[in-house]
Amino acid sequence: MTERAEHEPPVVDNTRRIETSVVTDFSDRMSYGGYLDLPTLLSAQRPISRPVHHDELLFIIQHQTTELWLKLVLHELQTARDLLRADELAKALKCVARVKHIQKTLTEQWSVLATLTPTEYGQFRGVLGNASGFQSYQYRAVEFVLGNKNAKMLSVFESDAAATAILTEALEAPSLYDEFLRLLARAGYPIPSSVLERDVTLAWTFRPELVPVLASIYADTDEHWAAYETCEELVDLEDNFQLWRFRHLKTVERIIGNKTGTGGSSGASFLRRALELTFFPELYAVRTEIPG
């Protein structure tokens, strides 16, 4: 037998053995890929540039995963809204907490797209035609649920009956903020009737008569802890949404500068104006009224 050289490393089996209890026969069992319908999911990335540009796959996956997260955000916000209507505040806040984590993921995700250089994007941008994130009905539905409603936006989706139905429902339903304020009114807080009886199909606008009510909540947080905590959770939602918008803007500026958007918008300047929009303006205005 030949002896191993003095400095030769020992032979190591670097293969992890499959435990005998691990299921390997899926001929008549549910598998991971079957449960997730991976054949459908992984076949949905279809670059159309010819020849196919290497970076188009990144662009598609970035936007598809965003839409998947938006689907979950919409699911959680609608559930939170319904729970507020049922006076289930603690359960509603659990949904909001989940949304906040999703928002952080969505914001960080822009850093992946930002690896796409102007030259790389320019080589396949033309195949997008008029396709644009502006046309995301799920994003628009999320804004509607949070109170930033615009009935004119439905015209963008006239050719998509399913999207129109989702947006119409979100337009006509009270927003998350509406339901929170109604919950406060049922709990005995003096929410003005002008707030409770407003037309919920319209975008929320600043209501100065609401600020004193919120100021009383912030003046004694121990007494009004549940309401106070919810106010701060809503501020978190808005802060996260604004951070997402800002990272979107900076990514667009990095990749296409001040070019017009594929959907016909002015591009970066259009996104910059969106930073001025707010969902819960009274929750920011009340900070000016807090002593200290």
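A salt bridge is defined here as a side-chain nitrogen of Lys or Arg within 4 Å of a carboxyl oxygen of Asp or Glu. The structure is a predicted model, in which local features need pLDDT of at least 70 and side-chain atom pairs count only at pLDDT 80 or more, whereas totals for chains, interfaces and linings use all residues. Residues are numbered from 1 along each chain as its sequence is written, and side-chain values use heavy atoms, with hydrogens and water left out.

Side chains of opposite charge can pair when their charged atoms come close. In one of these bridges, arginine 98 pairs with glutamate 76, with 2.9 Å between the closest N and O atoms. Arginine 98 belongs to helix H4 and glutamate 76 to helix H3 (residues 56–85), so the pair ties together parts that are 22 residues apart in sequence. Helices (H or I, at least four residues) are DSSP runs, numbered from the N terminus. Glutamate 76 is buried, at a relative accessible area of 5%, whereas arginine 98 is partly exposed at 40% relative accessibility; buried means under 20% relative accessible area, exposed over 50%, and partly exposed in between (1.4 Å probe, protein chains only).

A further salt bridge joins aspartate 236 to lysine 100, their closest N and O atoms being 2.8 Å apart. Here the partners lie in helix H11 (aspartate 236) and helix H4 (lysine 100), so the pair ties together parts that are 136 residues apart in sequence. Aspartate 236 is partly exposed, with a relative accessible area of 29%, while lysine 100 counts as buried at 16% relative accessibility. Salt bridges with shared partners also connect Arg81, Asp82, Arg85 and Glu179 into one network. Within this group, aspartate 82 bridges to arginine 81 with closest N and O atoms 3.6 Å apart. Arginine 81 is buried, with a relative accessible area of 7%, and aspartate 82 is partly exposed at 35% relative accessibility.

The largest nonpolar core has 68 residues, and those with the most contacts inside it are Leu77, Leu146, Tyr177, Leu181 and Leu184. The largest share of this core, 11 residues, is contributed by H11. A nonpolar core is a set of buried Ala, Val, Leu, Ile, Met, Phe, Trp, Tyr and Cys residues joined through side-chain atoms within 4.5 Å. In soluble globular proteins, nonpolar side chains tend to be buried together. Beyond residues up to four places away in sequence, leucine 181 touches Ile191, Val195, Leu196, Trp204 and Leu210, where contact means heavy atoms within 4.5 Å.

Helix H8 (residues 176–186) packs with helix H11 (residues 225–256) at an angle of about 170 degrees, and their axes are 12 Å apart. Axes are lines fitted to C-alpha atoms, for helices over the stretch in contact, and angles run from 0 to 180 degrees between N-to-C directions. H8 and H11 are therefore roughly antiparallel to each other, a class that comprises angles over 145 degrees. The contact brings Leu176, Tyr177, Phe180 and Leu184 of H8 against Ala227, Thr230, Cys231, Leu234 and Leu237 of H11. These residues divide into 8 nonpolar, 1 polar and no charged, with Ala, Val, Leu, Ile, Met, Phe, Trp, Tyr, Cys and Pro counted as nonpolar, Asp, Glu, Lys and Arg as charged, and the others, Gly among them, as polar. In helix H13 (residues 281–289), the residues Pro281, Glu282, Leu283 and Val286 are buried, and their cover includes H8, H10 and H11.

Individual buried positions were also examined. Alanine 92, in helix H4, is buried with a relative accessible area of 2%. Alanine 92 and threonine 230 are 138 residues apart in sequence, with a C-alpha to C-alpha separation of 9.4 Å. Leucine 116 occupies the loop between helix H4 (89–113) and helix H5 (118–122) and is buried, with a relative accessible area of 2%. Not counting residues up to four places away in sequence, leucine 116 touches Asp55, Leu58, Phe59, Tyr121, Phe124 and Ile255. Arginine 198, in the loop between helix H9 (193–196) and helix H10 (211–219), counts as buried at 8% relative accessibility. Leaving aside neighbours within four places in sequence, the contacts of arginine 198 are Ser175, Asp178, Ala203, Trp204 and Arg207.

Note on methods:
Helix = DSSP H or I, 4+ residues; strand = E, 2+ residues; numbered from the N terminus. Parallel < 35°, antiparallel > 145°, perpendicular 65-115°, else oblique.
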